[in-house]
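Me: I have a model open and would like to go through it with you. Could we start with the strands?

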Amino acid sequence: MKRLNLDCTTTSENRILQLNELDEFRNEAYENAKIYKERTKAWHEKNLVKREFQPGQQVLLFNSQLRLFLGKLKSRWSGPFTVVKVFPYGSVEVQGKNGEPFKVNG
């Protein structure tokens with residue numbers, strides 16, 4: 001055991017080199033994860049279909065907050081609603097059967 005750890009300077013240099021190598025691996029993994037996320041986001045946005053609504057159109061609303069087993073056979077779609085006004089950047093004002101308009105994300 002004494003023979004292996006005889007020279008403290010070489011063991012400390014080896015340890016510093018190992019720590020630097022770990023930092024390089026960590027940085028490379030971070031960069032790879034960043035590249036993967038960017039590619040996935042680009043692929044997802046490429047496959048999105050752009051919808052443009054006109055006032056007077058009939059639309060259905062999708063309830064994305066409906067969780068499993070609360071209403072197992074309950075539909076996630078509700079409506080129909082009438083489009084009252086279209087705002088820039090995708091938000092839409094719709095009106096239901098009760099006549100009260102509200103804004104939703106397009």
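Me: How many bridges join strand 3 to strand 4, and do they run parallel or antiparallel?

Reply: Strand 3 and strand 4 run antiparallel and are joined by five bridges. Helices (H or I, at least four residues) and strands (E, at least two) are DSSP runs, numbered from the N terminus, and two strands pair if DSSP finds at least two bridges between them. The model is predicted: local features need pLDDT of at least 70, side-chain atom pairs count only at pLDDT 80 or more, and totals for chains, interfaces and linings use all residues. Residues are numbered from 1 along each chain as its sequence is written, and side-chain values use heavy atoms, with hydrogens and water left out.

Me: Which residue in strand 4 is the bridge partner of valine 94? And of glutamate 93?

Reply: Valine 94 has phenylalanine 102 as its bridge partner in strand 4. For glutamate 93, the partner in strand 4 is lysine 103.

Me: What does glycine 99 do in that hairpin?

Reply: Glycine 99 takes a positive phi near 90 degrees in the hairpin of strand 3 and strand 4, where five residues lie between the strands.

Me: Which non-glycine residue has a positive phi?

Reply: Tyrosine 89 does, with a phi of about 65 degrees, although it is not a glycine. Most residues other than glycine have a negative phi. Tyrosine 89 sits in the loop between strand 2 (77-86) and strand 3 (91-95).

Me: Is tyrosine 89 buried or exposed?

Reply: Tyrosine 89 is exposed, at a relative accessible area of 85%. Here buried means under 20% relative accessible area, exposed over 50%, and partly exposed in between (1.4 Å probe, protein chains only).

Me: What is the order of the strands in the sheet?

Reply: The four strands form an open sheet in the order 1-2-3-4, with antiparallel pairing. Strand 1 (58-62) and strand 4 (101-105) are the edge strands, each pairing on one side only. From one strand to the next the twist averages 55 degrees, taking axes as lines fitted to C-alpha atoms, for helices over the stretch in contact, with angles running from 0 to 180 degrees between N-to-C directions.

Me: Changing topic, how do the elements run from the N terminus on?

Reply: They run α-β-β-β-β, as the protein has one helix and four strands. Of its 106 residues, 10% count as buried.

Me: How many salt bridges are there?

Reply: The count is one, a salt bridge being a side-chain nitrogen of Lys or Arg within 4 Å of a carboxyl oxygen of Asp or Glu. Aspartate 23 forms it with arginine 26, and their closest N and O atoms are 2.8 Å apart.

Me: Where do aspartate 23 and arginine 26 lie relative to each other?

Reply: They are three residues apart in helix 1, and so are separated by about one helical turn. Aspartate 23 is partly exposed, at 36% relative accessible area, whereas arginine 26 counts as exposed at 54%.

Me: Which residues make the nonpolar surface patch?

Reply: Leu19, Leu22 and Phe25 make a nonpolar surface patch of about 290 Å². Patches are made of residues with over 30% relative accessible area and no salt bridge, like charges being joined within 9 Å and nonpolar side chains (Val, Leu, Ile, Met, Phe, Trp, Tyr) within 5 Å. Accessible areas come from the Shrake-Rupley method with a 1.4 Å probe, and for residues only the protein chains shown count as cover. Phenylalanine 25 lies in helix 1 (residues 8-46) and is partly exposed, with a relative accessible area of 49%.
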